[in-house]
Amino acid sequence: MKKHILLCSIFTSVSCSAEPLFIHGKDHLTELNVTVVDKEDTREKGLMFRKSLDPKEGMLFVYPSTRKVRMWMKNTYVPLDMLFVDQKGTIVHIHENAEPHSLKTIESTKPVIAVIEIAGGEAKKLDLHVGDLVKHPAFSGK
């Protein structure tokens, strides 16, 4: 865990640590360890410059209000799956295997309050789907 905290501190210029997040699917419960970024400057940096991302590790981008969110992969070295989550904690869109270093905009299909980024291919491996419910204090469903 200390290694993760150190990397987080270096790349986001703030102290942060991983915390659990749970995703309830039709036939599964998945636990992820996520770093929460809820300030504009830390959301902008996100997972830039990370050379690797462990399975079931990720970043939770939380926005101050529900909105359409646009992401890109500038300075991101690893492919990522992006889970777009609404206010109630429901996954409303999944973008799989975003291309490293791409400037192509990846946009939520509906207004969301958060985006979870995990290693590319993990959404499929973990059997995550649109409609799965995310449990974390960032969502009204807690």
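Predicted model: local features only at pLDDT ≥ 70, side-chain atom pairs only at ≥ 80, totals over all residues.
Modeller: Residues are numbered from 1 along each chain as its sequence is written, and side-chain values use heavy atoms, with hydrogens and water left out.

Biologist: Where does His28 sit, and is His28 buried or exposed?

Modeller: His28 is in the loop between β1 (18-24) and β2. Helices (H or I, at least four residues) and strands (E, at least two) are DSSP runs, numbered from the N terminus. His28 is buried, with a relative accessible area of 19%. Buried means under 20% relative accessible area, exposed means over 50%, and partly exposed is in between (1.4 Å probe, protein chains only).

Biologist: And Thr30, buried or exposed?

Modeller: Buried, at 5% relative accessible area. Thr30 belongs to strand β2 (residues 29-37).

Biologist: Let me zoom out. How many helices and strands does the chain have?

Modeller: Three helices and nine strands. Along the sequence they come in the pattern α-β-β-α-β-β-β-β-β-β-α-β.

Biologist: What order do the strands take in the sheet?

Modeller: Seven strands make an open sheet with mixed pairing, in the order β6-β5-β8-β3-β2-β1-β9. β6 (91-98) and β9 (133-135) are at the edges with a single partner strand each, so one side of each lacks a neighbour in the sheet. Two strands count as paired if DSSP finds at least two bridges between them.

Biologist: Which way do β3 and β8 run, and how many bridges join them?

Modeller: β3 (residues 57-67) runs antiparallel to β8, with six bridges.

Biologist: What about β5 and β6, how many bridges?

Modeller: Five, and β5 (residues 80-85) and β6 run antiparallel. Leu80 is opposite Ala98 in β6.

Biologist: Back to β8. How many of its residues are buried?

Modeller: Eight of the eight residues in β8 (residues 112-119) are buried, so this strand is largely enclosed by the rest of the structure. For the whole chain, 46% of the 142 residues are buried.

Biologist: Which residues have the most contacts inside the largest nonpolar core?

Modeller: Leu21, Ile23, Leu32, Leu60, Leu83, Ile116 and Val134, in a core of 19 residues. β8 gives the most to this core, with four residues. A nonpolar core is a set of buried Ala, Val, Leu, Ile, Met, Phe, Trp, Tyr and Cys residues joined through side-chain atoms within 4.5 Å.

Biologist: Take Leu32 from that list. What does Leu32 touch?

Modeller: Beyond residues up to four places away in sequence, Leu32 touches Glu19, Pro20, Leu21, Ile23, Lys56, Ile116, Ile118 and Leu126. Another core, of 18 residues, lies apart from the largest one and includes Leu53, Val78, Met82 and Ala98.

Biologist: I spotted Lys56 there. What is its phi?

Modeller: About 60°, a positive value although Lys56 is not a glycine. Most residues other than glycine have a negative phi. Lys56 lies in the loop between α2 (40-45) and β3 and is partly exposed, at 39% relative accessible area.

Biologist: And what is the phi of Asn97?

Modeller: Near 50°, which is also positive in a residue other than glycine. Asn97 is in strand β6 and counts as partly exposed, at 42% relative accessibility.

Definitions and conventions. Contact = heavy atoms within 4.5 Å.
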